[in-house]
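I opened this model to look up how its parts pack against each other. My notes are below.

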Amino acid sequence: MLIRPDCIPCILTMTMKAVRKLSLSDTAEKDLFSEILTIPGLRGLDWNQTSPDIIETVMTLITKTVHEPDPFLSEKTYLNTQALKLLPFLEKLVTESEDPLYMAAKIAILGNSMDIMIPEGIDSLEKFILEKIKTPLSKENFDQFSRLLSKTGKILYLADNAGEIVFDRLFIRTLKKQYDVDIVFVVRSLPTLNDATLKEALDAGLDQVAALMENGIDGPFPGTRLKRCSKAVRELADRSDLIISKGGGNFDSLSEEVHELKTPVLFMLLSKCHPLNTFFKTALHQLVMAHIYTP
């Protein structure tokens, strides 16, 4: 999905929140933002880009400023740690559910808000989840997903954020209990924002439920553009029966090439903003599980 006017203040707000965590001097912060504000997509001069395209440029400027290839490593570690503390609570929700896979899918999508849930601590996270888990997930779309799983042998699973991937781990484990399916969990090759790399995936125990693979993209791109992925990932995408794409960054980028793919793509995310609400015809912060194109 190409950027809309709403995306510009959203990216700038996200950037400001990220930069505040870097303890830059006042001068360095201003100099960094002066550079960021020259990006054409943030000045309304180039609408033919996705948000991840613009954020990749922002991240390149940030890493250049701080001389650190993974400036948000400590935040990712913290998100994973908090999510792992939640895991027994989440597992209980799934095991006590009448439909464990449906519950696990809802939890996996709720994990897409891990970065905004975290500030108040574990108790508030549990309360947040208990409240938000009441949010409906389209039963029609979930049933379509279930029918597809009965014919699926291999899934390519595109990961999103640290912390969130712990929720994915529970979803994948629940899915594999019900279906005989191989899953390859694909993470970012290079650090970008709080997105999961191989380190975070291993720390979160994803290797216990899936094979792990880096996407091969040669920049801090917070999404998935298969044309930029490694040959191994592209070939795996063609050979898979289903691609599961988690989060807004993966949707924004992959949706631009989904019509060229041989494999159906299932997007799982929260509708966090007006452009997503409009696209999926949902209210704010609703659970989304949707195919937008079937080959």
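**Basis.** I am working from a predicted model, in which local features need pLDDT of at least 70, side-chain atom pairs count only at pLDDT 80 or more, and totals for chains, interfaces and linings use all residues. Residues are numbered from 1 along each chain as its sequence is written, and side-chain values use heavy atoms, with hydrogens and water left out.

**Domains.** I looked up the domain assignment, whose bounds come from an automatic or database source. It gives domain 1 (6–68) and domain 2 (73–292). Their C-alpha centres lie 25 Å apart. I found twelve residues of domain 1 in contact with 17 residues of domain 2; contact means heavy atoms within 4.5 Å. I then checked buried area, the accessible area (1.4 Å probe) that two parts lose on being put together, summed over both. The two domains bury about 1,100 Å² between them, with 66% of it on carbon and sulfur atoms. On the domain 1 side, Pro 52, Glu 56 and Met 59 lose the most area, together 45% of what that side buries.

**α1 and α3.** Next I took the helices, which are DSSP runs (H or I, at least four residues) numbered from the N terminus. Axes are lines fitted to C-alpha atoms over the stretch in contact, with angles from 0 to 180 degrees between N-to-C directions. Helix α1 (residues 7–20) and helix α3 (residues 51–66) have axes that come within 11 Å and cross at roughly 30 degrees. They are therefore roughly parallel to each other (angles under 35 degrees). Cys 7, Ile 11, Met 14, Thr 15 and Val 19 of α1 meet Ser 51, Ile 54, Ile 55, Val 58 and Ile 62 of α3. I sort these into eight nonpolar, two polar and no charged. Ala, Val, Leu, Ile, Met, Phe, Trp, Tyr, Cys and Pro count as nonpolar, Asp, Glu, Lys and Arg as charged, and the others, Gly among them, as polar.

**α4 and α9.** Helix α4 (residues 73–95) and helix α9 (residues 164–178) have axes that come within 8 Å and cross at roughly 35 degrees. Contact residues include Leu 87 and Glu 91 of α4, and Phe 167 and Arg 169 of α9. The contact divides into ten nonpolar, two polar and three charged.

**α4 and α5.** I followed α4 to helix α5 (residues 100–110): the axes come within 8 Å and cross at roughly 145 degrees. Leu 90, Leu 93 and Val 94 of α4 meet Pro 100, Met 103, Ala 104 and Ile 107 of α5. I count seven nonpolar, no polar and no charged here.

Definitions and conventions: Helices (H or I, at least four residues) and strands (E, at least two) are DSSP runs, numbered from the N terminus. Angles under 35 degrees count as roughly parallel, over 145 as roughly antiparallel, 65 to 115 as roughly perpendicular and the rest as oblique.
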